[in-house]
Structures are given as structure tokens and as C-alpha cells.
Amino acid sequence: MKTQIKDIIVPLIITLLILIVLEIISTALLPAFGVQKYIIPFNILIVLYLGFKLETPYLSVIILIVQYFHSFFSIEGWELGTIAGVFICIVISYLRDVLHFSSAIITITVTQIFQLVWFFTVSFLFYLKTNSFSLIVEKMWRFIPESIVISLLAPFFFAILDRIWSSGGEGMLGDDA
Amino acid sequence: MRIGEGEGQKTKIILNVLVCAVALYGISTRDFTQHKTSAFENVMIDFFAPIQKSVTFVQTSFNSVFENYIANVNASKENEKLNMKLSEMNSRLFSYKEMELENVRLKKLLDFGIELPYKKILAQVVARDASSDFRVLRINKGLIDGLKLQSTVVTGEGLVGFVYRLTDHFADVLTILDPNNRVDSLVKRVRAHGIVEGDSDRQCLMKYVKRTEPIILNDEILTSGLGNLYPKGILIGKVSRIERESYGMTQDVTISPSVNFGKLEEVIVLVSDSDEKKDLEWNALDSNSEEKDK
């Protein structure tokens, strides 16, 4: 378990810089090329990575920070994603022994499954807030292509984030700490 | 700082509960009509938005170079056609100017055209929202340029939305395509009232319209001026579909917005000079009605 804050700060800053660059691409560059209906939610990808590979007591706070930076680019705010992220991390902590990212196919599949958990958690909270089921149905149609893109990008991004967080490709971060 | 393994688990549980509790409180108190930014948010958005603006600018410049120089093989032929069109437009413009003057005279005559106290601020769209769940545009004007929260945003074609989040130099506009944006509206021809809500990327729904109202396709929908948010008479769009069941009290009306949100580059923000006074009056009315309810 990674318990020292100093081991977390530098990778977290680099991760936040990557998130900012990706958010700028998805909010400014892709819409300019005509991709307006679908926005790739890179924050989900980063939060899922942290949930999968980072084992530290401060995980929920790290997720909150990532979501807070995401909220500068979206009026969605940080709250929904933080709750979904923390919930997913709790689920992952119970499944940690069976989750291994030994191949790209497994990474894509596992990412897709946990994006479904993310979708249901956020949709449930969104429904409680807005009391509108039609919004959830419409959200689902956008979620399908967006989540597939995220899952396909996952092996590549996880490899980059593995280097940043000094995590082994297959194991869990903090195993060797 | 280093903590033990058992202690780590304890810290993890405490932090999880704490973060979830704060987030749940945040969701429950979130207001979809306006969002006041904190000083930190203000600084961060003002820091990142110029980068978004630069990226958009670079992309637009690249497109411009490509379209104007590389892809422009029939320039001279098009130039001739455009020159002809220009002369035609000039003659039309002349007649429009005459009509405008006539309009001013007639309005004065009818004592109808009291100028609305709105300052018009031109702004450029620099980015979109990072979540596809929300239809939000980021514009390059903010508090320093005179924008206010909940200011109406329009284009020449019609209504765009209102200012939802504001920083010193940038603002987020909640468009009428967003389901959280509700506009009190009326059908121009029959003066039937309803509430326009965002539905998808291309259309809005007009709800709570009486089933007996004789609405037809292509009827124009305007803002009604009720609700203390949008001025009266701004074009929202046209009726594109009507669902009228044999039962129920209302009919479902689908509206195609007059603004093409996919190609939106510039917008006009209407800022009321008397907002603070108006807000005080509204608050006084609201508190009076709340007291009566009690």
C-alpha cells in the first residue's frame, strides 16, 4: 500500500496535466472538427486507472482532485464523478485478486465493464436530481460510443499512466511498497 | 507522512465516507439555474480557457488557410458570382434601411418600441462542455466585459441560452438544447403558452401546451418574457412535430431551434443595466408569496 504522500504528489500533478491537455483537446479541438455530439470523457479513464492500480488510503481524495479539475471544463461539477469513482474503487477493492491486466483485450473488457458501473451510478444520482428518465435513456445512447472509445484507448493510456505512477503492467501499484 | 497498514485502512474508510458525504451534499445543493464560481475556480477557468481559445483559433486558422488557398481552385469564377451577389445585396440593403426607418416611425406612432435597457456584448465561442450530458458553450467574455449571471445569449437567428457560470474573462452558456434550461414561451400565431426544454442536440420540446390549442407545423415559438430571465419576443425556433393524443390535457410539441448550434461561432450577450434593482424586486415578491404560503 502506498502510504506516503510525497510518493503521490508528483505523479498526481503529472496526471492532472495530462487530464488538462486531454480536456482541452476534447472541448476545443474535437468540436472544431465537427465532433460535438460525443465528448470523450477522459476523466473517467483516469479515475478508473487510479481505482484499478493505485492502492492508497488517499484514493478518494485523489479522485476528488481529478474530478475537481474536470469541473473547470464542465458544468457537470465534481460531485457525481467523485461518488461514482469512490464507489467503483470500493467494488474494485473486493475484486482486486481477480483483476489483472495481462493483455490489451482484458484491459479493454474490464474498462468497459467498470464504465457500465460508472454509467449506472451516475445515472441513478442524475435521476434522483432531475427526476427525468428520458435524460438517462438519451445519455445511454451517447454513453455507448463514448465508452467504447475510452475502452479502446485504455491499454495505451494505462501504459503511460503505469510509467507515471511507477506501477507494473500487470500488478497493482503499491504491491512492492 | 507515513501511516501503518491497519491505520491506512481506517484512514481510507474515513476519507471515503467524508468525500462521499461532501459530494452528496454538493449534488443536493447544486443549482441548475446559476453557478457562482469560487476565487480558485475563477483563476483556473481564466487560466485554461485562453488555451482552449488558442486551440480553437489555431484550428480555425488552419481551416481558413486550407479553404482559402489550398482548396480554392475555382476562386475567380466564384469571385464573379459573389460580385454579382454583392451588388444585389447592396440594393436589398438599401431597401431594408428604408424599411428600418419606416419601422422606427411606425413604432413611435404606436408607442410600442420602448427600447429595452440591454447592453449588447459580442462574444466568440471558444469551447464546449467536457461532458456530453450538458449542452454548454464557453464564450470569451466575462465579468470584466460587463457580463452578468443569467444574462440572455442570442444570435441574429434567435435564442441561444443564458449565462450559467461566470469568471473574469470567460462565461459558460447553458444553451436551450440542455434539459436543465427551461424557457417560458409562446406560439407567435395563436399566443399559446408553454415551457420549452432541451431534448437532444438538434431539438427542444415545448411542454404544457393545452391540447385544444390549434398549433400547426412551422409555427414560430417566441420567448414570453415571463420568468425574469429572457426578454420577450426572441425567436426560439419553429414547430417541427406535434403529438396530440385523444386523451390528456396537453400536447407534445417538438421544436427545431432557429439557431444552428453546430456552427455557432459568435453570439450576442444581452446584459440588463437594471438587473440588481430587478432582482431586489423579484426577491421582495418571492418573500411575500412565501410568507403568504406559510
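Guide: In α3(A), the buried residues are A:L59, A:S60, A:I62, A:I63, A:L64, A:V66, A:Q67, A:F69 and A:H70. Buried means that 20 or more other C-beta atoms, placed from the backbone, lie within 10 Å of the residue's own. That is nine of 12 residues, so the helix is mostly covered. This is a predicted model: local features need pLDDT of at least 70, side-chain atom pairs need 80 or more, and totals for chains, interfaces and linings use all residues. Residues are numbered from 1 along each chain as its sequence is written, while chains are lettered from A and ligands numbered from 1 in the order written.

Helix α3 of chain A covers residues 59-70. Helices here are DSSP runs (H or I, at least four residues), numbered from the N terminus. From first C-alpha to last, α3(A) reaches 17 Å, close to the expected 16 Å. The expected span is 1.5 Å times one less than the number of residues.

Next come two other helices of chain A. The axes of α4 (residues 79-95) and α5 (residues 104-130) of chain A come within 9 Å and cross at roughly 135°. Axes are lines fitted to C-alpha atoms over the stretch in contact, with angles from 0 to 180 degrees between N-to-C directions. α4(A) and α5(A) are therefore oblique to each other. Among the residues making the contact are A:F87 of α4(A) and A:W118 of α5(A). Contact means C-beta atoms, placed from the backbone, within 7 Å.

Technical notes:
Parallel < 35°, antiparallel > 145°, perpendicular 65-115°, else oblique. Contact = placed C-beta atoms within 7 Å.
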